[in-house]
Amino acid sequence: MNDSEDTSPNGRWRKRLISIALGCLLLTFSLGMLGGTHPRGESHIKTWSRPGTGFQLDKDKPAPPNEDSEASKDFTCDKCCYRYTTIENGILEIQSKSELMKRGCEKRLPDAMIFGVKKGGTTTLKNFLSYHPDIAFSQDELKFFTSSEDRYKGVEFYRNEMLYSTPDQISMEKTPAYSHYPKVPAMIKKVLPNVKLIIIMRDPVERAISDFVHMQVTIARKCKKKSGCNLDNSGYYIAHTFEDSVIDSNGEVNYSNLLVAKGVYVTDIQRYLKYFKPEQILALDGEAFIKNPYPAVKLVEQFLGIKDYFTRDHFYYDVQKGFFCLNKPIPNNCMKESKGRPHPEVNDETLRKLRDYYRPYNKALNDLMKVDFHWSS
Ligand SMILES: *[C@@H]1O[C@H](CO)[C@@H](O)[C@H](O)[C@H]1NC(C)=O
């Protein structure tokens with residue numbers, strides 16, 4: 001539930017249903033605040049951005065199907081340390097120690113990672129890349145570099161969280177929050193000086209709206225649990241409407257709200273460039289990726305120096321779901337529909353203000369990364 005390709009509703013009835021649903025969520029939120037406790041902001045963010053859909057390792061699952069069952073017959077990754085199932089049902093780790101040893105499987109620190117951005121399309125990109133035979137992609141967001149608790153446990157703890165990989169594979173994880181926190185680049189540099197970094201960025205205005213919807217849902221969910229739902233110290237300010245969240249009482253864009261600040265991608269990348277060579281960073285256009293994932297995955301293959309594997313016919317557009325799915329090696333392999341949440345209608349004035357705010361940063365991003373992000377003006 002961290003990244004999604006959100007779709008816009010068409011019918012009025014649907015919008016009405018959504019406002020009712022949002023109303024209920026907000027009510028839950030307010031009720032929860034009354035009795036809530038207030039843990040640190042960092043741990044809030046960590047829990048909120050925990051992926052709820054997509055792949056899961058079998059530690060969270062019932063026992064994997066045995067070797068000769070239907071599921072394992074078709075979808076094996078012969079040279080991997082795991083077996084594929086669908087995006088929905090997850091990658092299954094090989095259980096047998098001897099098989100792991102035979103294949104040279106070990107847990108390895110990441111050779112590459114997707115480090116941003118939240119709501120940029122990172123989950124979809126991870127799902128697709130997970131089927132590349134040269135990539136062993138951790139299915140959980142590990143959040144090692146944004147969690148002081150985990151860093152305290154040390155690098156061996158981090159390594160142990162990775163998926164098993166063969167010596168020929170690239171080990172990967174994705175944590176979109178890495179891009180935004182100022183101290184993270186130096187920490188990554190220290191542990192993984194040669195890591196290859198992929199950042200996928202969509203129109204920051206769309207990102208903000210998507211993040212707003214995401215935060216409302218996750219806040220409400222969080223508030224149902226006993227931990228409470230206070231936003232203090234999280235850097236997020238989530239009001240009743242999107243407009244009130246991003247525009248302050250003077251009519252100005254509230255650029256300190258993370259909803260807004262997380263869209264200033266150029267600042268984040270500049271911070272990474274203090275520690276990493278430009279050749280270590282691949283910038284992808286999230287809007288282009290959503291419209292057609294094929295060119296983006298080819299760029300990733302080139303960037304990582306791995307096999308030319310994906311073909312156009314790996315991908316197909318699911319008209320009903322409104323996003324791209326995989327057709328190989330497993331047919332009709334899609335994310336859950338709930339990944340695409342409907343967006344609220346946002347008034348033109350607010351959109352204009354946000355576009356004006358982002359324009360110079362977008363321009364600087366184009367110049368810095370030499371990618372023409374079409375949303376930049
Ligand atoms: C702006 O955002 C910050 C950070 O989320 C928040 O603390 C503050 O209350 C917001 N200001 C206004 C005027 O909405």
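Predicted model: local features only at pLDDT ≥ 70, side-chain atom pairs only at ≥ 80, totals over all residues.
Colleague: Which residues surround the ligand?
Modeller: The shell consists of G235, Y236, Y237, D248, N254, S256 and N257. A residue is near a molecule if one of its heavy atoms lies within 4 Å of it.

Colleague: How does that shell divide by residue type?
Modeller: There are 2 nonpolar, 4 polar and 1 charged. Here Ala, Val, Leu, Ile, Met, Phe, Trp, Tyr, Cys and Pro count as nonpolar, Asp, Glu, Lys and Arg as charged, and the others, Gly among them, as polar.

Colleague: Which atom of N254 lies 2.4 Å from the ligand, and what does it face?
Modeller: A polar side-chain atom of N254 lies at that distance from an oxygen atom of the ligand. With G235, a backbone N or O atom lies 3.0 Å from a ligand oxygen. For Y237, a polar backbone atom is 3.4 Å from an oxygen atom of the ligand.

Colleague: How much of the ligand does the protein bury?
Modeller: The protein buries 58% of the 360 Å² that the ligand exposes when taken alone. The areas come from the Shrake-Rupley method with a 1.4 Å probe; for residues, only the protein chains shown count as cover.

Colleague: Which residues does UniProt list for "binding site"?
Modeller: The unreviewed UniProt entry lists R202, S210, K339, G340, R341, P342 and H343. UniProt positions are given in the numbering used here, feature names are shortened, and annotations may be inferred rather than shown by experiment.

Colleague: Where is S210, and is S210 buried or exposed?
Modeller: S210 sits in helix 9, residues 204-224. Helices (H or I, at least four residues) and strands (E, at least two) are DSSP runs, numbered from the N terminus. S210 counts as buried because its relative accessibility is 1%. Buried means under 20% relative accessible area, exposed over 50%, and partly exposed in between, with a 1.4 Å probe and protein chains only.

Colleague: And where is H343?
Modeller: H343 is in the loop between strand 11 (323-326) and helix 15 (348-369). At 10% relative accessibility, H343 also counts as buried.

Colleague: Changing topic: how many salt bridges does the structure hold?
Modeller: It holds 21. A salt bridge is a side-chain nitrogen of Lys or Arg within 4 Å of a carboxyl oxygen of Asp or Glu. Side chains of opposite charge can pair when their charged atoms come close.

Colleague: Which residue does D150 meet in a salt bridge?
Modeller: D150 meets K153, with N to O at 3.5 Å. Both lie in helix 6 (residues 148-153), 3 residues apart, about one turn of the helix. D150 is buried because its relative accessibility is 6%, while K153 is partly exposed at 48%.

Colleague: What about E156?
Modeller: E156 forms a salt bridge with R159, and the closest N and O atoms are 2.9 Å apart. This pair lies in helix 7 (residues 155-161), 3 residues apart. E156 counts as exposed at 53% relative accessibility, and R159 as partly exposed at 27%.

Colleague: Which residues are linked in a network of salt bridges?
Modeller: E349, R352, K353, D356 and R359.

Colleague: Now the backbone: which peptide bonds are cis?
Modeller: The bond from G116 to V117 is cis, with omega near 0°. The bond from K328 to P329 is cis too, with omega near -5°. P329 lies in the loop between strand 11 and helix 15. Most residues other than glycine have a negative phi, and most peptide bonds are trans.

Colleague: What is phi for K143, and is K143 buried or exposed?
Modeller: Phi of K143 is near 55°, a positive value in a residue other than glycine. K143 is buried, as its relative accessible area is 2%.

Colleague: And K370?
Modeller: K370 also has phi near 55°. K370 lies in the segment after helix 15 and counts as exposed because its relative accessibility is 72%.

Key:
Residues numbered from 1 in each chain as written. Heavy atoms only, no water. Polar contact = N/O pair within 3.5 Å; in protein donor to acceptor, adjacent residues only side chain to side chain.
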